[in-house]
Amino acid sequence: MEKIITVNNLVKKFGSFTANDNLTFDVYKGEIFGFLGANGAGKTTAIRILCGLSSPTSGEVKVAGFDIYRETEKIKKNIGYMSQKFSLYEDLTVAENIRLYAGIYGISPKKRKEKMAELLQKLEMESAKNKLIAGLPLGWKQKLAFSVAIFHEPKIVFLDEPTGGVDPVTRRKFWDLIYEAANNGITVFVTTHYMDEAEYCDRVSIMNAGKIEALDTPEELKKRYNAKNMDEVFLKIAR
Amino acid sequence: MIFGMPLLQLLILVFAATFEMKSIDMVVVDKDLSETSRELVAKFDAIPFYNLELAVPDETIGEDMLLSGDADVILVIPPNMERNLVRDDEAQLQLLIDAIDGNSAQLIYSYSSRIIGNFNQHLIAEWKGLPEFTPPTEVQISESYWYNPELDYHWFMAPGILAVLVTVIGMFLSGMNLVREKEIGTIEQLNVTPIKKYQFIIGKLVPFWVIALFDLSFGLFIAWMVFDLEIVGNLLVLFAFASVFLLGALGLGLFISTVSDTQQQVMLISFFFMMVFIMMGGIFTPVESMPHWAQVLDRANPMYYFMKIMRHVVLKGSGFFDLIEEFISLLILGLTFLSLAIWRYRKTS
């Protein structure tokens, strides 16, 4: 399988604290890669490095074939990112946010209009098109943030705890969107600490205290740790 | 807010920030109580902005009033003034002036001594029988004030205060805006896009640039309505300079916000620069009379150039080529601050 992200001996230190301790892993093209770990395990640090928001202390990282040190801007053309903290403009409308990001990625107005109409219909948000984001329910905001992150059809999308704080039904619907993106050929790199979500991933890595403790398909992990579900696997590792 | 506040400031500040003496509290200690001394006191009393406190028997009471701030100046007329004047052709008067504010002290001194001088001439004329006010040997000076013929202080202050207002609006708004994006996290979403650093900074610059220029037009209009301030020079020249000046002011604001993490930091640092820029920019005190080192420092102060330009174009009607040096200096400063902002803006931490 074709590798789309390769990470070798990635280290990130903040002063004397090591947030990412010698991470080595690959992500294959088209898969849904789950990046699991407890709070503070170093998931967000790693995802920020892969997106080019933070530079590593040492190690070798390639994203979409580009080097993280020298070709950050090229990487940025090929990725989408949805941060843990909602970060669309609350004081702009839904349509304005889409227009802003479409413009930055250089999508033509004609294509943008078509895609926007299609998207709002899919999300059943046509009525909210000209409403300020600030007034939308959290579930809508998250779906919108995800849709904006993949609006320019990137090769990889990074999702940092995309479903934090929403109910199981909304989470399930959100995962439908993720599957759809994956079916369209977008590689999904997702961090979460909901273990039921881990089951939806093709492969998961489990981090603990800055290190990757395990990396495999959910089935393999359950077998290896002799666990009924991912919850037990996680507890055995993170203890 | 962005338009209401500057309007209020313009009106309040231009009226309030004045060096003109409109009221002088004078205590007269008349120990002579002669015809001449009363005549002198009457001279002062006749001038509307002198508020006289008479019949104070000795200096100590007067000095107490100076100390308590009830008096600005004491005029002491010693005993036997009239007699000395008649006998010796010479007499002495004393002025004690509260010089906490050196500027007004100087003004009080020069007003008062001029009144006494006139009185003196009047005496000479009367006693020696010469025609009043035209002693044969005096050089006559006739004065004519150019560019502000009525010495209207508002005309001097309004362009200066407008310059300050436009700078404050531009610098604070641009600085606050960028750092606010850091605080609420929206900047992350921009930083993962392939947007170029200069595109980002220019995107942050343009809206506030337009707002500041609009504020300037609005302010000039108000100054014309309220203070009758007519722009002698070319409006286009003024706006050309303002546009270039704002590049620097906004660039500095943006630069400050790229090195700050919170709005408090931006406030504090911007405030520091604003204070220095305004005080050294020549709004109250002429830059030409500052010490040499301060004048050298002012070469890097965009406010200094803009203050000068505002007054020269508005009051004097200076054209573009009269101020070409200032234009080039502003352009260099503007490009420097902007480049600093672009250079310091980090998409990767």
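Reply: V7(A) has F25(A) as its bridge partner in β2(A), where strands are DSSP runs of E with at least two residues, helices are runs of H or I with at least four, and both are numbered from the N terminus. This is a predicted model, in which local features need pLDDT of at least 70 and side-chain atom pairs count only at pLDDT 80 or more, while totals for chains, interfaces and linings use all residues. Residues are numbered from 1 along each chain as its sequence is written, chains are lettered from A and ligands numbered from 1 in the order in which they are written, and side-chain values use heavy atoms, with hydrogens and water left out.

In general, strands of a sheet pair through backbone hydrogen bonds, either parallel or antiparallel. The sheet in chain A is open and has four strands in the order β2-β1-β4-β5, with antiparallel pairing. Its edges are formed by β2 (17–28) and β5 (66–67) of chain A, each of which pairs on one side only.

Chain B also has an open sheet of four strands, ordered β2-β1-β3-β4, and here the pairing is mixed. β2 (50–53) and β4 (94–97) of chain B stand at its edges with a single partner strand each, so one side of each has no neighbour in the sheet. From one strand to the next, the twist averages 25 degrees, given that axes are lines fitted to C-alpha atoms (for helices, over the stretch in contact) and angles run from 0 to 180 degrees between N-to-C directions. Within this sheet, β1 (residues 24–30) and β3 (residues 73–77) of chain B pair in the parallel sense over five bridges, and M26(B) stands opposite V73(B) in β3(B). Helix α5 (residues 102–128) of chain B lies across β1, β2, β3 and β4 of chain B, and runs at about 160 degrees to β4(B).

Helices also pack on one another. In chain A, the axes of α3 (residues 94–104) and α4 (residues 109–122) come within 11 Å and cross at roughly 135 degrees. α3(A) and α4(A) are therefore oblique to each other, since angles under 35 degrees count as roughly parallel, over 145 as roughly antiparallel, 65 to 115 as roughly perpendicular and the rest as oblique. Here V94(A), A95(A), I98(A), R99(A) and A102(A) of α3(A) meet R112(A), M116(A), L119(A) and L120(A) of α4(A), contact meaning heavy atoms within 4.5 Å.

In chain B, α9 (residues 235–259) and α10 (residues 263–280) pack at an angle of about 145 degrees, with their axes 9 Å apart. The residues that make this contact are L252(B), I256(B) and S257(B) of α9(B), with V266(B), I269(B), S270(B), F273(B) and F277(B) of α10(B).

Finally, the two chains themselves touch: 21 residues of chain A are in contact with 16 residues of chain B. The area buried between chain A and chain B is about 1700 Å², of which carbon and sulfur atoms give 51%; buried area is the accessible area (1.4 Å probe) that two parts lose on being put together, summed over both. On the chain A side, L53(A), Y89(A) and I104(A) lose the most area to chain B, together 28% of what that side buries.

Terms used: Pairing = 2+ DSSP bridges.
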